[in-house]
Amino acid sequence: MFCTFVTRRFAFAFVLALTAALPSIAFADDADVTREMIVNDPAAPMAGNPQGDVTIVAYFDYNCPFCKKSAPALEKLVKSDGNVRVVYKDWPILTEASIYGAKLALAAKYQGKYDEVHKALMSISGRRIPEAQMLAAVKASGVDMARLEADAKAYAAEISALLKRNDAQARGLRLQGTPVYLIGPLLVAAAPDYAQFKDAVAEARKRADKPS
């Protein structure tokens, strides 16, 4: 299941192979919307093993309950596997507060606290979380709020540019909602549990081992 722009629900499915989907999209005229920028945007927060043999690109919204449902499973996978790299794509499409939360998390990146703020926001249950509740959760995460506020202002243009790139990439991939996980060559438009994440990573490794 995932949240669309109008929060409709869909069943779990491995819907497309990424290697089949990307070539059908007109990337050539937009340097921000390329395979390289999707996987290796230097401004995007990352987690896990930087040299991992499988990269998971996660598109999510802090007001998406299915994103919140799958986040702990992804975290568990990264810790247990040890060879997975995660690229976070804040894609705030559901509410204005979603944009507010994404900007808080991305501002925290500049003091090395993106993971803490990301987890704090993902831990708030429900949807349509108001900005005040998001801010309270961020304050409780242990970040330096004075620096976060200063960084949010100082890097406002960079943060907005990253969110714009994330949105352009998601629309270029024709994503319909959140969460979406690009797991190696697989596109998973759903909220996998731990076992499903493991299976997808195993399948990605299997495909990588096949001669082209």
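A pocket, as the word is used in these legends, is an open set of grid points where a 1.4 Å probe fits, with protein on both sides within 12 Å along at least five of seven lines. The views below all show a predicted model.

**View 1. The largest pocket and the residues that line it.** The largest pocket holds about 350 Å³ of space. Its lining is made up of 20 residues, and those that lie nearest the centre of the pocket are A71, E75, Y88, H118 and K119. By residue type, the lining divides into twelve nonpolar, three polar and five charged residues.

**View 2. The helices and strands around the largest pocket.** At least two lining residues come from each of β3 (46–48), β4 (54–60), α3, β5 (84–90) and α5 (114–122). Helix α3 gives the most to this lining, with eight residues.

**View 3. L74 in helix α3.** L74 belongs to helix α3, which covers residues 65–81. Is L74 buried or exposed? Its relative accessibility is 5%, and because buried means under 20%, L74 counts as buried. If residues up to four places away in sequence are left aside, L74 touches I56, V86, Y181 and F197. L74 and K198 are 124 residues apart in sequence, yet their C-alpha atoms are 9.2 Å apart in space.

**View 4. Y59 and I183 in the largest nonpolar core.** The largest nonpolar core has 66 residues, and of these Y59 and I183 touch the most other members. Among the residues that Y59 touches, not counting those up to four places away in sequence, are I38, W91, A170, L173, V180 and L182.

**View 5. The partners of strand β7.** Strand β7 pairs with β4 in the antiparallel sense over four bridges, and here I56 stands opposite I183. Strand β7 also pairs with strand β8 (residues 186–188), again in the antiparallel sense, over three bridges. Which residue of β8 is the bridge partner of L182? That partner is L187. The hairpin of β7 and β8 has two residues between the strands, and in this hairpin G184 takes a positive phi near 55°.

Conventions: Residues numbered from 1 in each chain as written. Predicted model: local features only at pLDDT ≥ 70, side-chain atom pairs only at ≥ 80, totals over all residues. Heavy atoms only, no water. Buried < 20%, exposed > 50% of the residue type's maximum accessible area, 1.4 Å probe, protein only. Contact = heavy atoms within 4.5 Å. 1 Å grid on protein atoms, 1.4 Å probe; cavity = no way out; pocket = protein on both sides within 12 Å on 5 of 7 lines; lining within 4 Å. Points joined across faces, edges and corners; volume = space filled by probe spheres on them. Nonpolar A, V, L, I, M, F, W, Y, C, P; charged D, E, K, R; others polar. Core = buried A, V, L, I, M, F, W, Y, C linked by side-chain atoms within 4.5 Å. Pairing = 2+ DSSP bridges.
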